[in-house]
Amino acid sequence: KMNDEKLMTLHRHFMWCNIIKKHFEVEVKKSINSKSKIVLEESIADYYGAYMSIWYGMLFGVLEVLKNEKIVIPEIENDINSIYDSLRLYRNAVFHPQPKYWSEKLLKIIEDKDSVGKIWKVHKRIGKYLLEEMQERTKLRRLKK
C-alpha cells in the first residue's frame, strides 16, 4: 500500500494532469461549436494537440506510479494494460522531440481506435480512486484520534 506522502504526491500530479485535460475539453468544445471536423494533421501543433499531448503524457506518469506501486483498479485494469505501452511511447515523443515529425511513437496510440475512450475512462476512474483513497485514509486517521 502506498504511504500517505506518495499518495498525496500522486494526487497532486493527477490534479495537474486534470487541469490540462480541462483545457483540452475547452478545445474540443470549440471545435464542436464551430462544427468543424478535427483533423489531427492540422491540430497537432495547435492548442488542441498541445493540451491532448501533455494530458496523455502526464496521465502516463500517473499510470507508471500505479504500476510501480502495484495498485490495481479492477474496473480499468484491462484498459490500462491495453494502452500502457503505446501511451508510454506517446509520452516519450511528447517530452523528447523525435527526428521525424510523425514519429511512430506518436502514431502508435492513434492506431488503437478505442484508445480515446479508454484514456477518458481510465482518467475518470483514477480520479475517483484517488478521492476515495484519500477520504478513507482521512476517516481512519480520525478514528485513531
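H4 crosses H6 in a left-handed manner. The model is predicted: local features need pLDDT of at least 70, side-chain atom pairs count only at pLDDT 80 or more, and totals for chains, interfaces and linings use all residues. Residues are numbered from 1 along each chain as its sequence is written, and side-chain values use heavy atoms, with hydrogens and water left out.

Two packed helices are described by the angle between their axes and the distance between the axes. For H4 and H6, the axes come within 10 Å and cross at roughly 110°. H4 is therefore roughly perpendicular to H6. Axes are lines fitted to C-alpha atoms, for helices over the stretch in contact, and angles run from 0 to 180 degrees between N-to-C directions. Angles under 35 degrees count as roughly parallel, over 145 as roughly antiparallel, 65 to 115 as roughly perpendicular and the rest as oblique. Helices are DSSP runs (H or I, at least four residues), numbered from the N terminus.

H4 contributes Asp 79, Ile 80, Ser 82, Ile 83 and Leu 87 to the contact, and H6 contributes Ser 115, Lys 118, Ile 119, Lys 121 and Val 122. Contact means heavy atoms within 4.5 Å. By class, 5 residues of this contact are nonpolar, 2 polar and 3 charged. Nonpolar covers Ala, Val, Leu, Ile, Met, Phe, Trp, Tyr, Cys and Pro; charged covers Asp, Glu, Lys and Arg; the others, Gly among them, are polar.

Lys 121 and Asp 79 also form a salt bridge, at 2.9 Å from N to O. A salt bridge is a side-chain nitrogen of Lys or Arg within 4 Å of a carboxyl oxygen of Asp or Glu. Lys 121 lies in H6 and Asp 79 in H4 (residues 77–95), so the pair ties together parts that are 42 residues apart in sequence. Asp 79 is buried, at 13% relative accessibility. Lys 121 is partly exposed, at 44%. Buried means under 20% relative accessible area, exposed over 50%, and partly exposed in between (1.4 Å probe, protein chains only).

H4 also packs against H3 (residues 47–68), with axes within 8 Å and a crossing angle of roughly 125°. H3 is therefore oblique to H4. The crossing of H3 with H4 is left-handed. Residues of H3 in the contact include Met 52, Tyr 56, Phe 60 and Leu 63, and those of H4 include Tyr 84, Leu 87, Tyr 90 and Phe 95. The contact of H3 with H4 has 13 nonpolar, 2 polar and 4 charged residues.

The structure holds 16 salt bridges. One of them joins Arg 137 to Asp 4, with the closest N and O atoms 2.7 Å apart. Arg 137 lies in H6 (residues 115–144) and Asp 4 in H1 (residues 4–33), so this pair ties together parts 133 residues apart in sequence. Arg 137 is buried, with a relative accessible area of 8%. Asp 4 is partly exposed, at 36%.

Within H6, Glu 132 and Lys 128 are 4 residues apart, about one helical turn. Their side chains meet in a salt bridge at 3.6 Å, N to O. Glu 132 is partly exposed at 35% relative accessibility, and Lys 128 is partly exposed at 46%.

Note on methods. Helices (H or I, at least four residues) and strands (E, at least two) are DSSP runs, numbered from the N terminus. A crossing is left-handed if the near helix is turned anticlockwise from the far one by less than a right angle, and right-handed if clockwise.
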